[in-house]
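Here is a walk through one model, taken feature by feature. Have the sequence and the 3D view open as you read.

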Amino acid sequence: MTLRVGYAGLSHLGICSAVAAADKGCMVVGYDPDTRIVEGLKGGDMTVVEPDLDDLARRCKERLSYTDTVADLGACDLVYVARDVPTDDYGGSDLRPIDALIDQVAPVMKPGAHLIVLCQVPPGFTRARRRPGLSLFYQVETLIFGRAVERATKPERFMVGAADGETPLPASLADFLGRFGCPILVMRYESAELCKIAINVCLVASVGVANTLADLSERIGADWSEIVPALRLDARIGPKAYIQPGLGIAGGNLERDLATVCRLADETGADAGIVRAQMANNKRRADWVLHRLHEHLPGSGATIGVLGLAYKENTHSTKNSPSLALIRHLTPHALRVHDPVVKAEAMLHPRLVQVEKPLQVCDGADALAIMTPWPDYRTLPVEELGFRLKGRLVVDPFAVLDRKAAKAAKLDHWVLGAPRH
Amino acid sequence: MIEHQRQPAASPARVVVLGSRGFIGATTVERLRKSGIMTLAVPSSELDLTAPGAADALAAKLRPDDALVVFSALTPDKGKDIATMNRNLAMANAVCAALGKQKVDHVIYISSDAVYGEAPSLVDERTPAAPDALYGVMHLARELMFRSVVAANALCILRPTLVYGVADTHNSYGSNRYRRQAAKEGKIPLFGNGEETRDHVLVDDVAELIRLCLTHKSTGILNAVSGRSISFKQCAEIVARQFDKKVDIELKPRGPGAVITHRSYDVADCRKAFPSFRWTSVEDGFAKAHRDMMAGGGG
């Protein structure tokens with residue numbers, strides 16, 4: 001029998017998860033109360049930018065349908081509530097849209113169907129939503145912006161929260177998850193909810209270590225890029241460890257989880273000092289480019305090229321984007337910006353020109369800041385870039401440009417973790 | 001992070017400066033007048049804030065559209081004891097009482113980075129104030145006093161670090177004292193190896209920062225710090241280089257139990273609030289102070 005899976009809430013998480021389920025042979029119904037989103041998806045507009053998403057959706061279109069009628073979920077064996085949880089600038093979550101979806105979906109589900117919360121909810125959320133006659137589960141989502149399709153179709157493991165964590169999963173849910181061929185870990189709701197947070201806090205801690213030591217490297221003449229390979233070869237740290245320095249966490253999800261840990265710790269008397277230190281460190285990292293520009297440019301009147309507006313590569317998201325934060329503080333200067341998918345809003349800066357091709361940001365610019373490591377930027381011809389720049393200053397936190405080539409082009413090339421000069 | 005209540009920037013109707021003959025106060029008055037801002041300088045000789053009736057006298061001078069800048073304080077060279085702290089609190093009490101009688105448009109309180117005590121680097125405006133000496137306690141108490149009587153959208157608190165300039169009267173350990181010792185004795189004594197690091201700001205820059213806060217009607221807390229810390233030995237070496245004659249740097253043993261401390265600042269808030277503002281480098285600033293001294297400006 002064909003497994004029917006519904007996804008309620010067609011934001012980034014819901015769309016990518018729905019397409020992945022269709023890829024595994026399920027008949028998928030995507031529901032969203034917003035007619036415009038549904039009509040867009042029906043017309044082939046995936047509304048989010050993710051590598052391979054459009055292609056995969058096209059290949060699975062026979063098994064994918066979209067609706068703004070919640071009753072259409074009534075035939076599904078499993079219904080995922082999969083809307084991304086909106087967050088504010090301080091990492092606070094607005095859970096009302098999730099509750100609204102649960103309230104819409106639960107009454108229309110057929111007997112024997114199961115509701116799975118896939119959203120980023122705080123510990124305690126799922127158990128508090130149990131109600132008579134509703135089979136309710138929580139599943140940890142591990143979507144990564146820019147790698148969402150890969151993560152949704154080839155997960156490393158599933159973590160599923162259940163009421164008691166000991167009863168076997170119902171057959172339909174076990175069947176569905178089994179199609180992905182990865183381990184399935186079943187645990188209590190609260191454990192699964194905290195598990196999601198724990199993953200993110202571990203990642204933030206790793207990045208925090210990298211940021212702290214990269215900063216120190218810059219100040220004492222060490223080069224963090226020389227240290228990273230040594231760390232990766234340490235089995236206790238590992239080849240995929242999050243030890244590349246960055247401009248602080250962004251995107252909203254990690255910030256939300258850190259805020260949740262602090263709130264829960266405050267409420268229960270646990271010590272969250274280390275998490276607060278990570279939050280402070282991350283705020284500081286976002287200013288790294290601003291400091292380099294400020295130290296090397298006059299107070300006003302310069303032209304600065306900015307490559308990248310999205311908060312990271314391969315996404316359209318600008319939530320807490322270091323690039324946008326930087327641009328807001330460059331008001332005494334003129335800006336030339338480029339991003340492959342994000343359009344700069346006019347409100348962002350009084351003298352901002354968005355150009356079509358990356359190298360055009362360099363034309364006549366006194367300095368260049370490479371704020372998003374889009375893959376296309378890595379192949380820019382450094383010599384030509386240097387030729388088109390009026391000044392020599394290139395602030396390139398992620399070392400998008402080849403460092404040797406930058407040196408050969410006589411660029412004043414600043415990279416996170418590299419010795420200051 | 002401070003916020004600007006006035007965009008675009010414009011001169012306030014009038015600036016009243018309390019403590020206008022002090023080191024930073026006098027420089028600020030000069031800076032404001034040079035930029036055409038109407039300024040009423042009120043030195044302690046004209047208004048003793050510890051005297052009975054000081055609050056009424058001050059209230060009588062104030063207008064609703066004034067900006068008030070409060071420098072008045074007995075600095076540590078005048079005493080570090082409880083009595084000095086209480087006199088400082090009495091001054092603030094008088095100013096707060098005056099503000100209770102006559103509100104003004106904007107208040108800038110010149111505090112001190114002493115409120116951070118021995119907080120480890122990196123310090124920024126969100127570092128919890130934890131003073132470890134009465135001077136820092138006094139400034140923190142005065143900050144809270146002003147916050148209790150002035151609305152948040154009208155109060156700016158500036159916390160300067162070590163301020164240098166030829167007209168300095170405090171002669172604290174640092175470049176001002178080094179310059180005078182080098183001129184007078186041909187040597188600069190340092191404790192230990194002078195390895196402790198501190199941030200140093202030129203008084204003219206602090207005055208300019210105050211002017212910017214006034215014209216933007218900035219509110220909130222801002223550290224008046226450059227973001228570059230150097231060791232006292234580096235500081236002494238830069239001062240010594242200004243002299244034509246040889247200046248010896250003498251290393252003296254520290255007292256028993258002396259702890260080496262460092263202080264560095266994150267200046268992101270200042271750079272965001274005033275993106276065109278630049279601090280004078282210590283190399284240029286120390287040279288200026290030296291030139292001013294040689295020109296007979298003090299010192």
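## Ground rules

For exposure, buried means under 20% relative accessible area, exposed means over 50%, and partly exposed is anything in between (1.4 Å probe, protein chains only). This is a predicted model, so local features need pLDDT of at least 70 and side-chain atom pairs count only at pLDDT 80 or more, while totals for chains, interfaces and linings use all residues. Residues are numbered from 1 along each chain as its sequence is written, chains are lettered from A and ligands numbered from 1 in the order in which they are written, and side-chain values use heavy atoms, with hydrogens and water left out.

Most residues other than glycine have a negative phi, and most peptide bonds are trans. A399(A) sits in the loop between β13 (393-395) and α16 (403-408) of chain A; helices (H or I, at least four residues) and strands (E, at least two) are DSSP runs, numbered from the N terminus. With a relative accessible area of 26%, A399(A) is partly exposed.

T47(A) is another non-glycine with a positive phi, about 65 degrees here. Look for T47(A) in the loop between α2 (35-42) and α3 (53-59) of chain A. T47(A) is partly exposed too, at 37% relative accessible area. Over in chain B, the peptide bond between Q7(B) and P8(B) is cis, with omega about 0 degrees. P8(B) belongs to the loop between β1 (3-4) and β2 (14-18) of chain B.

## Where the chains meet

How many residues of chain B are in contact with chain A? There are 12, and they touch 13 residues of chain A, where contact means heavy atoms within 4.5 Å. The size of an interface is often given as the accessible area lost when the parts come together. Here chain B and chain A bury about 1200 Å² between them, with 48% of it on carbon and sulfur atoms; buried area is the accessible area (1.4 Å probe) that two parts lose on being put together, summed over both. R271(B), K272(B) and R278(B) supply 53% of the area that chain B buries against chain A, more than any other three residues.

Four salt bridges cross this interface, a salt bridge being a side-chain nitrogen of Lys or Arg within 4 Å of a carboxyl oxygen of Asp or Glu. E295(A) and R271(B) form a salt bridge, with their closest N and O atoms 3.7 Å apart. There is also a salt-bridge network that links R284(A) with D124(B), R126(B), D266(B) and D269(B).

## More salt bridges

Over all chains, the whole structure has 49 salt bridges. Is the R159(B) end of one such pair buried or exposed? R159(B) is buried, at 4% relative accessibility, and E143(B) is buried as well, at 0%. Their side chains meet in a salt bridge at 2.7 Å, N to O. This pair links distant parts of the chain, with R159(B) in strand β6 (residues 155-160) and E143(B) in helix α4 (residues 134-149) of chain B, 16 residues apart.

In chain A, D94(A) and R96(A) form a salt bridge with closest N and O atoms 2.9 Å apart. D94(A) is partly exposed at 23%, whereas R96(A) is exposed at 63%.

## Two buried spots in chain A

T153(A) is in helix α6 (residues 148-153) and counts as buried because its relative accessibility is 10%. A polar atom of the T153(A) side chain lies 3.4 Å from the backbone oxygen of E150(A). Beyond its neighbours within four places in sequence, T153(A) contacts A20(A), D23(A), K24(A), L56(A) and F180(A).

P122(A) lies in the loop between β5 (114-117) and α5 (125-128) and is buried at 13% relative accessibility. Not counting residues up to four places away in sequence, P122(A) touches L95(A), E193(A), T260(A) and R263(A).

Note on methods. A polar contact is a pair of N or O atoms within 3.5 Å; within protein, one must be able to donate a hydrogen and the other to accept it, and residues adjacent in sequence count only if both atoms are side-chain atoms.
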